[in-house]
Amino acid sequence: MTVTESASGGSGPGGSGPGGCASGECAPSGCAPAGARALHEGILRRQSARESAARTYARALPIVPVRARGLTIEGADGRRYLDCLSGAGTLALGHNHPVVLEAVRKVLDSGAPLHALDLATPVKDAFVDELFRTLPAGLAGHARVQFCGPAGTDAVEAAFKLVRAATGRAGIMAFAGAYHGMTAGALAASGHAPDVRVARLPYPQDYRCPFGVGGPRGAELAARWTESVLDDPRSGVPLPAGMILEPVQGEGGVIPAPDDWMRRMRRLTAERSVPLIADEIQTGVGRTGAFWGVEHSGVTPDVMVLSKAIGGSLPLAVVVYRDDLDVWEPGAHAGTFRGNQLAMAAGTATLAHVRENRLAERAATLGSRMLSQLGALAEEYPCIGEVRGRGLMIGLELVDPAGAAPAEGGTPPSPGARVPGPAAPGLAAAVQRECLRRGLIIELGGRHASVVRLLPPLTITDEQSAAVLDRLADAVEAAVRTHTDRDRRTGPSGRQQRSSGRAAGAG
């Protein structure tokens, strides 16, 4: 892929583009002034020495952001990057969008309290008005909202407590590959839980269908499995307090739920009085091409868990639910930082801007185009096992194409389906490194960290999307070439030669 990039920032739909060049291109860090390099290296060195071993993004992305606008981040070393991580989906409007900055400044200049616990304030009132204006029609007219601690994982915990209190039941149903957070209950419902406290169900997908068939047939089998677990008195799973699902599994590998399957889950839960919890923490606020991910299927959940983009880049998390579930006693779920006034103001501005400028529709159009272009890239590189996603939530699963052979005696795939190759996390990590060298920030996800994920802001321009895909294509080519060269050097003969050399030296 090749595009001609202008040197101007460009203006995206509903917002101004990033400052500096549209592509984010600039001189390599080696050309930066010595003082800038020293600052960059010193901060990274001190971070490594002082911060927890649990840090994640900082390990794969050794950059020191000092300025940012729109899609572009500038590092302390003078390099600029196109940011397709967007705070793991938090930055619906990109970095420092003017409407967000204006909303925050207005609160700061007004003398309003910045901390108000759960007291009513004009800022909160405006946020709730705008939030309810965007909710699915079947929920907006009779909803309640609970403000939680500032992270999505706390909202998930609150949702579990809510449905347990409302139903008098204890169990939760969740899906393989899910990610709902890192606190105890949220982690127990996620796909990488260290022990099993939640009933796990198959999540339908085409490329790695748990039943080996994919497509509508695979989704039907997944639905039947769920129905059987719910109705079989000896399934070992009592009727649960609730079912939680993601309209698109993000950390699980960017896997969109089929719309018919979503509707089937809604029917199954409604018929059995099991509240359906939609985790819209990453899929919400236009990311998937609809304001909320459940709207693609027309499903109205009983509970919605919201965070990330609803705070306009600042920490905010809420649970929205049907009013008849509101059986909590005062203080049943609380938290000191429920009243983040700056986040509510930034969130109100973000929600309104996305709604008024139809950025969800823009995400659907541009996302479809990017998926098509990435599909063409996959035809060129067999190591791209599948391109998938919805709106501007896009993933490329990287595989070892040499291993893509049907297992002996295995179920044949559906007509036209490709047999998945083994996951290639090493290749995915190489693509991420090559992207960073080219000034592109991307995330990895999926079951084996082998899915390259793109989460650009909804304000990304056509020109910027072309630059992103150019750099990604170059990175894939470079990573494949590096791996091919390495495999050639470390093939059977190469390994044997080095082994013989070591043996000779030892003698």
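## A question to begin

Is Arg369 buried, partly exposed or exposed? Arg369 is partly exposed, with a relative accessible area of 35%. Here, buried means under 20% relative accessible area, exposed means over 50%, and partly exposed lies in between (1.4 Å probe, protein chains only).

## About the model

This is a predicted model, where local features need pLDDT of at least 70, side-chain atom pairs count only at pLDDT 80 or more, and totals for chains, interfaces and linings use all residues. Residues are numbered from 1 along each chain as its sequence is written, and side-chain values use heavy atoms, leaving out hydrogens and water.

## Salt bridges across the chain

In a salt bridge, a side-chain nitrogen of Lys or Arg is within 4 Å of a carboxyl oxygen of Asp or Glu. The whole structure holds 28 salt bridges. One of them joins Arg369 to Asp462, with the closest N and O atoms 3.1 Å apart. Arg369 sits in helix H12 (residues 359-380) and Asp462 in helix H14 (residues 462-489), 93 residues apart. Helices (H or I, at least four residues) and strands (E, at least two) are DSSP runs, numbered from the N terminus. Asp462 is partly exposed too, at 39%.

Glu130 and Arg355 also form a salt bridge (2.7 Å, N to O). This pair connects helix H5 (residues 122-134) with helix H11 (residues 341-356), 225 residues apart. Glu130 is buried at 4% relative accessibility, whereas Arg355 is partly exposed at 31%.

## A buried pair and a network

Arg266 meets Asp302 in a salt bridge (2.9 Å, N to O). Both Arg266 and Asp302 are buried.

Finally, a network of salt bridges links Glu220, Arg224, Glu227, Asp231, Arg264, Glu271 and Arg272.
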